[in-house]
Amino acid sequence: MSHTHTDDERAQEINRLLASEGDAVRENATLLNRQRYDAIDEFPAYDEYRSRAREIKEAAIADLPDLLERVTEAVEENGGSVYLAEDAADANAYVESVAADRDAESVVKSKSMTTEELELNDHLEAAGLEVWETDLGEFVLQVAEETPSHIVGPAMHKSEAEIARLFNAHFDLEEPLETAQELTRFARDFLGERIREADVGVTGANFVLAESGTIVLVTNEGNARKSAVTPDVHVAVAGVEKLLPTVAELEPFVQLIARAATGQSIAQYVTMLSPPTESPTLDFEADELGAGEREFHLVLLDNGRFDMREDEELRETLYCIRCGACSNACANFQSVGGHAFGGETYSGGIATGWEAGVHGYDSAAAFNDLCTGCTRCVNACPVEIDIPWINTVVRDRLNRGADPDAFDHLVDGLSPDAEEPGLPLEKRFFGNFETAARLGSTTAPVSNWLASAGPVRTLLERVVGIDRRRELPTFARESFGSWFERRGGSRIDPGDATREAIVYPDTYTNYLSPERGKATVRTLERLGVHVRVPPLGESGRAPLSQGMVETARERARAVYAGLAEHVDAGRDVVVIEPSDHALFCREYDRLLVEESARRLRESTYDVMEYVYGLLENGADSHALTAGDGREIAYHGHCQARTLGTDQYAVAVLERLGYDVRESDVECCGMAGSFGYKRAYYELSMDVGQPLAESFEGEATILASGTSCGDQLESLLGRGSRHPIEEIAPP
């Protein structure tokens, strides 16, 4: 992916990976997700530990210079050496010098993404050393001459049958290998011999304890500690971010890392070494203990990490404990894996931050768009890293580094955004979608007729990258706001109301789906609420999805300015579109001053959450449409699921007598503008296929998000409704 630039090239590469690696990645990621959910359910203190781990990492990165001094003193006191490597070349040269000093001929390595970042194998092999990976997955990739596709499961993209074919073709075997047991046994025996013969053992380190110089290795195969203690020389390579102060800070991470990575309560092996160990060296040829001395080198790698530490937006990346949960939770990753969703070394959601920090923005640019901002990785991260925000920030920086676009003069000054010239036209179009929607609604039905015309679709595909196979939304002739004004406002007098609420006229409700706005007004009024629909602009969600952060910030300020007087007056803010509600509750913390974001967040409700609250506080449920046992299928929006607000729709529907069946897929695959783009159309449809299959044959489908409804219509050929439309009175 790193060398693909055009939409066609990108689409071709994605399609190739969908076909060649998609099934294996989906099967393995789905299994890891299921195990992760089970492991978390069985550990009630999980969220408490997440917050504790976050606090520890924040403090450790803040105290990094002090921790470096402490670990250097501790390791040297133990008899080892510490080397702070400035970059990959520096680190590789140091490891090579260690091997040269011992006249080493062979090296064994345990799995280490940091050494992948260095491309250490290539460097040592170029220096004449024989290097063997001892982790099974890494060994498979070494034989296949491929790169890892996952931080934890490097060969996740390969099936058992593929590995069998690979081994049978590569090795001179007496009998062909077929089963997983046979493959594992062969690898164990083969690599055991390499470990016994090796002169140098190289490991990574999941954590490094500054107080004692202890290296913590968390594995399921036990190969890491064999690589560390069998050769006379042990070199541990770790990024500086792996430092923790003392063993007291380790416990939360041991509790979290295996649960997040593989769904285990604890990994098979948690090895703590304070090298050089006091155990005698080993002499396998003489079949006795050796007489040599053990040697230990801790190589701590900067390679951009100190710059990341000074970067307020990228700093969070350094809290990553490399569990891979963000990859597993990501719907796009589940379809194409890390060979599409990754850079030179790192893959998955957190990879954008890593790649931008250690390899530069060009590496991150190759896959950054594959983060759709669905936020499913937010709850998956055991250290509470806001991964979607990191991706947004990097996207914004990539936008600002873009070359002036040939078409920019056509829209510069016409589009109401705050971005600099040079922004790709595709991003500018989707980031200013409110303008297009307002014009489309004002000129409907002509605009709808034009949008379906072949020449227009061709132009849209060529100029702004909208795939011609995707059905375009239909603009409403009368907006929700215009309808409410023509109606004469609320039918409930403020003096008779139980509460007063502002219904936020989001772009989709206002110009595309006013019926759900009307349903919201009818529902709230029937429950005794005085409703207002003020003229408020787009929330900032559309530009933020394109990485147009400054434009999103301007929109957020404008929306807050329009809502502030209502918040001051104690009125509630009700939001129909889940992505806008999530924006108010999550990203506005990044876009507004802290006090404004807090006040709005505390006054804002998802519409079904608001209905649930009214019913819980005595409103008459008989005023709404009863389900009478009717079966419905419900798909909650990704961002609502991250916030936990999707459950309010289920609770209300069940209270009204509906028989609700929920989808359990991570994402529908549309994610707003993503599914419209030509480069990602096939990927979007592939991601959505499990949802479509799970809802096949359902008579009634409800989906709270506009993008979810659009995707369901594309996949199933029929639309869905927002839950508020289902329960609203006539």
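Contact here means heavy atoms within 4.5 Å. The model shown is predicted.

Figure 1. Ser704 sits in the loop that links strand 19 (701-703) to helix 36 (706-716). The cut-off for buried is under 20% relative accessible area. Ser704 has 6% relative accessibility and therefore counts as buried. Neighbours within four places in sequence are set aside for the contact list of Ser704. What remains is Arg516, Ile576, Glu577, Pro578, Tyr634, His635, Gly636, His637, His722 and Pro723.

**Figure 2. Helix 16 and its cover.** Helix 16 spans residues 351-358. Eight of its eight residues are buried, so the helix is largely enclosed by the rest of the structure. The buried residues are Ala351, Thr352, Gly353, Trp354, Glu355, Ala356, Gly357 and Val358. Both Trp354 and Glu355 are on that list. The cover over these residues includes helix 6 (113-118) and helix 13 (305-310). Helix 17 (361-365) and helix 19 (387-400) are also included in the cover. Gly360 follows helix 16 and has a positive phi, near 105 degrees.

**Figure 3. Leu32 in helix 2.** Leu32 belongs to helix 2, residues 22-41. Its relative accessible area is 16%, so Leu32 is buried. With neighbours within four places in sequence left aside, Leu32 is in contact with Met156, Ala261, Thr262 and Asn328.

**Figure 4. Glu550 in helix 29.** Glu550 is part of helix 29, which covers residues 549-568. How accessible is Glu550? Its relative accessibility is 27%, so Glu550 counts as partly exposed. Leu591 is 41 residues from Glu550 along the chain. The C-alpha atoms of Glu550 and Leu591 are separated by 8.6 Å.

**Figure 5. Two cis peptide bonds.** The bond from Pro275 to Pro276 is cis, and its omega is near 0 degrees. Pro276 lies in the loop between strand 9 (269-273) and strand 10 (282-283). A cis bond also joins Ala444 and Pro445, with omega about 5 degrees. Here the setting is a loop between two helices: Pro445 is found between helix 22 (433-442) and helix 23 (446-451).

Figure 6. Asp103 is not a glycine, but its phi is positive, at about 50 degrees. Asp103 occupies the loop between helix 5 (88-101) and strand 2 (106-109). Its relative accessible area is 65%, so Asp103 is exposed. Glu145 is another residue other than glycine with a positive phi, near 60 degrees. The loop that holds Glu145 runs between helix 8 (136-144) and helix 9 (160-170). Buried or exposed, where does Glu145 fall? Glu145 is exposed, with a relative accessible area of 72%.

**Figure 7. The whole chain, as context for the close-ups.** The protein chain has 37 helices and 19 strands. Its radius of gyration is 28 Å, close to the 27 Å of the globule rule for 730 residues, so the chain is as compact as a globular protein of that length. Along the principal axes, the C-alpha atoms fill a box of roughly 95 × 55 × 50 Å. Buried residues account for 59% of the 730 residues. Among contacts with a separation of 6 or more, 75% join residues 24 or more positions apart. The accessible surface is about 29400 Å², and 46% of this surface belongs to carbon and sulfur atoms. The chain carries 68 positive and 130 negative side chains. The centres of these two sets of charges lie 8 Å apart.

Note on methods: Residues numbered from 1 in each chain as written. Predicted model: local features only at pLDDT ≥ 70, side-chain atom pairs only at ≥ 80, totals over all residues. Heavy atoms only, no water. Buried < 20%, exposed > 50% of the residue type's maximum accessible area, 1.4 Å probe, protein only. Helix = DSSP H or I, 4+ residues; strand = E, 2+ residues; numbered from the N terminus. Rg over C-alpha atoms; globule rule 2.2 N^0.38 Å. Areas by Shrake-Rupley, 256 points an atom, 1.4 Å probe, with all protein chains shown as cover. Lys, Arg positive; Asp, Glu negative; His and termini not counted. Charge placed at Lys NZ, Arg CZ, Asp CG, Glu CD.
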